[in-house]
Amino acid sequence: MAEGELKPAAMQVEAAEAASKPRFRMPVDSDNKATEFWIFSFARPHMSAFHLSWFSFFCCFLSTFAAPPLLPLIRDTLGLTATDIGSAGIASVSGAVFARVAMGTACDLVGPRLASASIILLTTPAVYCFAIIDSPSSFLLVRFFTGFSLASFVSTQFWMSSMFSSPKVGLANGVAGGWGNLGGGAVQLIMPLVFEAIGKIGSTPFTAWRVAFFIPGLLQTVSAIAVLAFGQDMPDGNYRKLHKSGDMHKDSFGNVLRHAVTNYRAWILALTYGYSFGVELAVDNIIAQYFYDRFGVKLSTAGFIAASFGMANIISRPGGGLMSDWLSSRFGMRGRLWGLWVVQTIGGVLCVVLGAVDYSFGTSVAVMILFSLFVQAACGLTFGIVPFVSRRSLGLISGMTGGGGNVGAVLTQLIFFHGSKYKTETGIKYMGLMIIACTLPITLIYFPQWGGMFVGPRPGATADDYYNREWTAHEREKGFNTASVRFAENSVREGGRSGSQSKHTTVPVESSPADV
Amino acid sequence: MAPQQSIHALSVLAALLFAAACLPAPAAAGVHLSTLPKALAVTTSAKPGQVLHAGVDSVTVTWSLNTTEPAGAAAAYKNVKVKLCYAPASQKDRGWRNSNDDLSKDKACQFKVTQQAYAAAGGSPGTFPYVVARDVPSGSYYVRAYATDASGTEVAYGQTSPAAAFDVAGITGIHASLKVAAGVFSAFSVAALAFFFVVENRKKNK
């Protein structure tokens, strides 16, 4: 402070504080991440980021699964065989395997806003091309390229993990992911309705389904433009601005990659996500045709049933995220792990039951709805854990998990729902058994500072150690790891009730949360 | 907050299960093809392997009493229902076109050619000139005719040989306006992305 200038200096300090601490309408932690989740608010930047991300992801789901409800028409127009349909279904989810991993890296490097808008706008031409395809191979190609847009899931989770603090991150991730996945269900209702409306205007069936594809295409274009125009990467600003001002260290791809692939927890979560989310995608692809062909119901009825599977996402996935956060408030990370294992295993059991009750239409529908609730809640529970696996490589690990989800979808469809080898109900039964088996690896996840399912935490291990392990001493000296330090501070409640101040800890900005 | 949400969730679940229980069940069983006498002789003017264009070309279907049947058998036939059926080549690997002995579950014969009175005047064979409908998809087809009694139940049938099927080239449904619209919207999407990148770069360099 300058001599003899007490009053102006005080004002200068105040002004400096106001400039470096932006005011937010929502309560935030030391990282400026929101500690509350106001679902009906559009407060910038936290809640507006939420609405932009879930809606653009919803539109991607609309496009990716726009074909299945209209398959009874498309298969006749293009002369598709069961093998063609199965291959296209696999193609629709296989593109995103690699795209999700790439998207994770892109988020780490250039931020979720640019990364998600880019992939969404670059895949919309494929959606428009559905209107002009005329052969099985072109059908496979458009489904393949449209499926790339599902990579925007990763940017959704990354964006929510950047905007929301530990007490609400599971819920934010769950609602954003769930309401996006809703698109896979809503489209099974929307497309037959749009098709009928276009038919009433006077179009022949073979043209009407083509015109219907412009709806998901246009929605996708508009939502991505909204993300670019109104979105913001971090509470403090966009990546480019933060990199330039030095507030945020611009990391390198090599480092991000190394710390993601060497973390075994990322691989386990990728596998198990393949059997919650992957199964959800596989079912989105086959369920309308299954009910139409097995029970002889009308196209619109089959669409309605298929829609109810996907639309359970409106409560189930957020419910999973909420359950994860609640378990964490009582039992810490161990609660999150147990919750995931139990819910996903029950989902597997219900899947086996669904395959076994194919003699009854009403029972099949009821079991399918229960199954959807559990398997989608498992997705929400998974992303209650992912934000804590790594801080440096958060994007890439979200991408690996998301990509693993798609690998599960590809494998499941390839093994059980391709060609005429298994009857669909048999395939569903075996898929359930595979879910139960592939959920067991969750028992192997262990965090030194918080414990695993069967083993408690190692005494003396701290979150600080765990997250700072990802940085070399040299990088730490230079302060590159400040984000990880803040994250470690704010995740202290993952130690369970014994490890945090109270059940309802929202870490206020002013206090020092590290000593509890 | 949590208990209230779980009550909401449970009530939604209960409503869905109730709705599921009330959904309509599928239809009841019908006549079996194997019980029907193959009493009709059916021919078409299309040669085996000939390609007919949907909405444009036509084929004449002729049906009459099979010469092996007693002459008076046709008195019971009030109407005739003629259908276009998928040939085995078009059914392969397409479970939704499977034949079924139970005619109410049979999915091989989905397109109606005509439904009219059985007998033509003067005892000559019945005929019908059929313009291939615009909603018939590409594939191989043969023709089957059912003779029905006064109540509409099938009492006899006849068909052309599935091995001597003719082909239909269906319409694609693609119009030039669709191609233009797809091109314009695709270009717009990519251009919008490029626009925002340029704007970002300008801001960064300022």
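Mentor: Chain B and chain A bury about 4000 Å² between them, and carbon and sulfur atoms give 70% of that area. Buried area is the accessible area (1.4 Å probe) that two parts lose on being put together, summed over both. The contact takes 45 residues from chain B and 50 residues from chain A. Contact here means heavy atoms within 4.5 Å.

A word on the source: this is a predicted model, in which local features need pLDDT of at least 70, side-chain atom pairs count only at pLDDT 80 or more, and totals for chains, interfaces and linings use all residues. Residues are numbered from 1 along each chain as its sequence is written, chains are lettered from A and ligands numbered from 1 in the order in which they are written, and side-chain values use heavy atoms, with hydrogens and water left out.

Now the charged pairs. A salt bridge is a side-chain nitrogen of Lys or Arg within 4 Å of a carboxyl oxygen of Asp or Glu. The structure holds 7 salt bridges over all chains. Across the interface of chain B and chain A there are 2. Glu200(B) pairs with Arg113(A), with the closest N and O atoms 2.7 Å apart. Asp76(A) pairs with Arg97(B), and there the closest N and O atoms are 2.8 Å apart. Asp76(A) sits in helix α3 (residues 71-78) of chain A, while Arg97(B) sits in the loop between α2 (88-91) and β5 (109-117) of chain B, so this pair joins two chains. Helices (H or I, at least four residues) and strands (E, at least two) are DSSP runs, numbered from the N terminus.

Stay in that chain B loop. Asp93(B) is found there, between α2 and β5. Asp93(B) has a positive phi of about 60° although it is not a glycine. Chain A has a backbone feature too. A cis peptide bond joins Arg44(A) and Pro45(A), with omega about -5°. Pro45(A) lies in the loop between α1 (6-20) and α2 (46-64) of chain A. Most residues other than glycine have a negative phi, and most peptide bonds are trans.

Next, helix packing in chain A. Axes are lines fitted to C-alpha atoms, for helices over the stretch in contact, and angles run from 0 to 180 degrees between N-to-C directions. Angles under 35 degrees count as roughly parallel, over 145 as roughly antiparallel, 65 to 115 as roughly perpendicular and the rest as oblique.

Take helix α14 (residues 277-295) of chain A and helix α4 (residues 82-110) of chain A. Their axes come within 11 Å and cross at roughly 155°. That makes α4(A) roughly antiparallel to α14(A). Ile85(A), Gly89(A), Ser92(A), Val93(A) and Arg100(A) of α4(A) meet Phe277(A), Leu281(A), Asn285(A) and Gln289(A) of α14(A).

Helix α8 (residues 166-201) of chain A also packs with α14(A): the axes come within 11 Å and cross at roughly 5°. That makes α8(A) roughly parallel to α14(A). Asn181(A), Gly184(A) and Gln188(A) in α8(A) meet Phe277(A), Glu280(A), Asp284(A) and Ala288(A) in α14(A).

Last, helix α17 (residues 333-356) of chain A packs with helix α18 (residues 361-385) of chain A at about 155°, with axes 8 Å apart. α17(A) and α18(A) are therefore roughly antiparallel to each other.
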